[in-house]
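The following exercises are to be worked through with the sequence and the structure in view. Each task is followed by a solution set out in steps.

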Amino acid sequence: MKSSTFLLAMAALAAPAYAEEPPGMSPRTSVRDARALLLVAIQASNGQAHGVLTGELANAITQRFGAISPIFIDITTERRYQQPGCSRLKVLFWQDGVLLPGAIAPRKQTMEFGINYCRDGSPPKSLR
């Protein structure tokens, strides 16, 4: 079996496991741009947003690294600022089965960062 066929088969078999969300977690939203999820997290009463990156960029990344899952995005609010609609957000991108150049085997790859963000796309005027 060709490796590309094998990866497609593995992704198809794995898809149902990714579709199920843990209890209490909001459903994942398909987005082409993670900024939409930043706004959802800011407005959510629990301060969270969960999504899946879609589109040409997501497809290119997934194909480049032969990953076996979509690119998932999890955003949590670390702090709400006094300025309305502004928060400190923790953003986590992750994908299973990523084979980095020089790596022996594929693995889960994550990228996490924090951002101060407001509903209008600007940074907060104050960090209070």
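**Exercise 1. Accessibility and aromatic pairs**

Does Phe 113 count as buried, partly exposed or exposed, and at what relative accessibility? Then determine how the aromatic rings pair by the rule given below.

*Solution.* 

Step 1. The model is predicted: local features require pLDDT of at least 70, side-chain atom pairs count only at pLDDT 80 or more, and totals for chains, interfaces and linings use all residues. Residues are numbered from 1 along each chain as its sequence is written, and side-chain values use heavy atoms, with hydrogens and water left out.

Step 2. Apply the classes: buried means under 20% relative accessible area, exposed over 50%, and partly exposed in between (1.4 Å probe, protein chains only). Phe 113 has 34% relative accessibility and therefore counts as partly exposed.

Step 3. Apply the ring rule: rings of Phe, Tyr and Trp (its six-membered ring) pair if their centres lie within 6.5 Å; planes under 30 degrees apart count as stacked, over 60 as edge-to-face and the rest as tilted.

Step 4. Helices (H or I, at least four residues) and strands (E, at least two) are DSSP runs, numbered from the N terminus. Phe 72 belongs to strand β3 and Trp 94 to strand β4 (residues 86-98), so the pair ties together parts 22 residues apart in sequence. Phe 72 is buried at a relative accessible area of 2%, and Trp 94 is buried at 14%.

Step 5. Turn to Phe 93 and Phe 113: their ring centres are 6.2 Å apart and their planes at 20°, so this pair is stacked. Distant parts of the chain are linked here, with Phe 93 in strand β4 and Phe 113 in strand β5 (residues 107-118), 20 residues apart. Phe 93 is buried, with a relative accessible area of 16%.

**Exercise 2. Chain layout and the pairing of β2**

What pattern does the chain follow along the sequence, and in which sense does β1 pair with β2?

*Solution.* 

Step 1. The chain has three helices and five strands, in the order α-β-α-β-α-β-β-β.

Step 2. Two strands pair if DSSP finds at least two bridges between them. Strand β1 (residues 29-31) pairs with β2 in the parallel sense over three bridges, and Val 31 stands opposite Leu 53 in β2. From β1 the chain crosses through helix α2 (residues 35-43) to β2, and this β-α-β crossover is right-handed; that is, with the strands pointing away from the viewer, the path from the first strand over the helix to the second runs clockwise.

Step 3. Strand β2 and strand β3 (residues 71-80) run antiparallel and are joined by six bridges. Val 52 stands opposite Phe 72 in β3.

Step 4. Five of the six residues of β2 (residues 48-53) are buried.

**Exercise 3. Ser 126**

Which residues does Ser 126 contact, leaving aside its neighbours within four places in sequence?

*Solution.* 

Step 1. Ser 126 is found in the segment after β5 and is partly exposed at 33% relative accessibility.

Step 2. With those neighbours left aside, Ser 126 is in contact with Tyr 81 and Gln 83. The C-alpha atoms of Ser 126 and Tyr 81 are separated by 7.7 Å, although the residues are 45 apart along the chain.

Step 3. The side chain of Ser 126 also reaches the backbone nitrogen of Arg 128, at 3.3 Å.

Note on methods:
Contact means heavy atoms within 4.5 Å. A polar contact is a pair of N or O atoms within 3.5 Å; within protein, one must be able to donate a hydrogen and the other to accept it, and residues adjacent in sequence count only if both atoms are side-chain atoms.
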